[in-house]
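Subject: Structure handover

Hello,

Here is the structure I promised. Please open it alongside this note; my findings follow below.

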Amino acid sequence: MAIDPSKPFDLVYEVMPTYDRNRLDLFVKAMIPSMSRNRIQQRIGEGRVEVNGAARPSNWRVLAGDSVRIRCREPEEDGVEAGKGIPIDVLFEDDDIIVINKQAGLVVHPVGKHRHDTLLNALYWRYRDAIPEGEGVSLANRLDQFTSGVILATKHAEAKRILQEDFEARVPKKTYLALCRGRVQDDEGVIDLPIGPEAAGGDHCNMAVRHDDEGKASTTVYRVKERFDQDFTLVELKPVTGRQHQLRVHMSALGHPLVADGRYGGGYRLELTDGGGIDRYALHAAALTFRHPRDKREMRVVAPLPDDMREVVARLRGGEREVVAGRVL
């Protein structure tokens with residue numbers, strides 16, 4: 001057996017030139033945005049973050065070409081069949097890559113309390129006998145827990161390296177669909193607003209538009225797909241940059257937060273008159289265009305709209321209205 005899902009596994013990242021001379025803790029945060037700063041400091045303090053095979057402190061400066069290894073979890077009694085019961089919807093697969101349609105609610109890799117119930121656990125279980133010794137399944141891109149859609153995984157180190165370089169160079173093109181509140185007026189446009197951590201005193205995971213040294217250049221291209229009479233808009237979003245929560249922050253800043261995005265102003269649930277609705281932010285990674293790591297041919301993989309978003313869109317088309325605190329809007 002090449003992979004034992006019950007044993008600790010690692011996340012390994014090669015430092016690209018973009019991150020040359022970054023602090024170790026900031027590099028880890030960039031690679032795993034969902035990991036809190038406190039947990040990153042804890043992992044580093046426990047010696048579970050290594051640079052070129054040696055544990056290093058938070059303020060260690062990583063260099064281009066360095067290998068950073070993050071020890072994800074310790075073995076636990078209930079980890080023997082970690083990932084066994086998690087379904088994987090494979091959109092495309094060959095000897096080098098796996099393209100998955102991730103379901104909303106699934107965390108992509110072990111972090112915090114999600115130690116065994118992640119996409120990476122599921123991939124490790126599925127390919128435990130198929131991956132050669134010395135190789136391993138890795139994720140080439142990431143999606144937030146409640147975002148559904150296309151995510152790309154690799155089966156060996158060379159494919160991972162090539163795709164990591166492509167993602168750093170922004171070669172792959174991502175397309176999302178989002179259901180937003182309000183009627184977006186312009187048929188298309190570009191949102192060019194810097195994003196950084198929310199000002200001190202807020203939730204440490206929140207991001208915000210920042211017109212100061214904390215804000216990093218962030219650009220999103222949008223196009224209206226459909227407007228609904230009930231003041232909702234289905235929008236196609238194409239991120240040019242890849243900041244944490246970028247699409248959600250940008251649409252909120254435009255005055256059109258994603259439906260059911262309680263963190264950025266969209267409410268915690270959309271309830272319709274027929275009792276249907278959606279209780280996670282309505283964001284779906286609909287397509288990913290990338291170069292195959294082996295022969296460089298361009299590939300475009302599409303994930304169909306998930307049931308919850310598809311049903312809400314159909315009901316809005318049918319005239320269903322929103323219900324808030326028992327009142328029909």
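Start with Arg297. Arg297 is partly exposed, at a relative accessible area of 36%. Note that this is a predicted model. Arg297 forms a salt bridge with Asp295, and the closest N and O atoms are 2.5 Å apart. Asp295 is partly exposed too, at 43%.

The search of the whole structure gave 18 salt bridges. Two others are worth a look, since each sits within a helix.

- Glu165 and Arg161 form a salt bridge, with 2.9 Å between the closest N and O atoms. Both lie in helix α4, four residues apart, about one turn of the helix. Glu165 is partly exposed at 34% relative accessible area. Arg161 is partly exposed at 28%.
- Asp307 and Arg310 meet through their side chains in a salt bridge, 2.8 Å from N to O. Both belong to helix α6 (residues 307–317), three residues apart, again about one turn. Asp307 has 48% relative accessibility, which counts as partly exposed. Arg310 is partly exposed as well, at 42%.

An α-helix has 3.6 residues a turn, so residues three or four places apart point the same way.

There is also a network of salt bridges. It links Asp144, Arg248 and Asp261.

Next, helix α1. Six of the eight residues in α1 (residues 24–31) are buried, so the helix is largely enclosed by the rest of the structure. The buried ones are Leu24, Asp25, Phe27, Val28, Lys29 and Met31. Their cover includes strands β1 (10–14), β2 (49–51) and β4 (67–71), along with helices α2 (37–45) and α4 (157–168).

Three of those strands also belong to an open sheet. Its four strands run in the order β1-β4-β2-β3, with antiparallel pairing. β1 and β3 (54–55) are the edge strands, each pairing on one side only. Two bridges join β2 to β3. Glu50 stands opposite Ala55 of β3.

Elsewhere, strands β5 (residues 90–93) and β6 (residues 97–102) run antiparallel, joined by three bridges. They form a hairpin with three residues between them. Val90 stands opposite Ile100 in β6.

Last, the surface. Val190, Val221 and Val240 make a nonpolar patch of about 230 Å². Val221 lies in strand β13 (residues 219–228). Val221 is partly exposed, with a relative accessible area of 32%.

Best wishes

How values were computed
Residues numbered from 1 in each chain as written. Predicted model: local features only at pLDDT ≥ 70, side-chain atom pairs only at ≥ 80, totals over all residues. Heavy atoms only, no water. Buried < 20%, exposed > 50% of the residue type's maximum accessible area, 1.4 Å probe, protein only. Contact = heavy atoms within 4.5 Å. Patch = residues over 30% accessible without salt bridge, like charges linked within 9 Å, V, L, I, M, F, W, Y side chains within 5 Å. Areas by Shrake-Rupley, 256 points an atom, 1.4 Å probe, with all protein chains shown as cover. Salt bridge = Lys/Arg side-chain N within 4 Å of Asp/Glu carboxyl O. Pairing = 2+ DSSP bridges.
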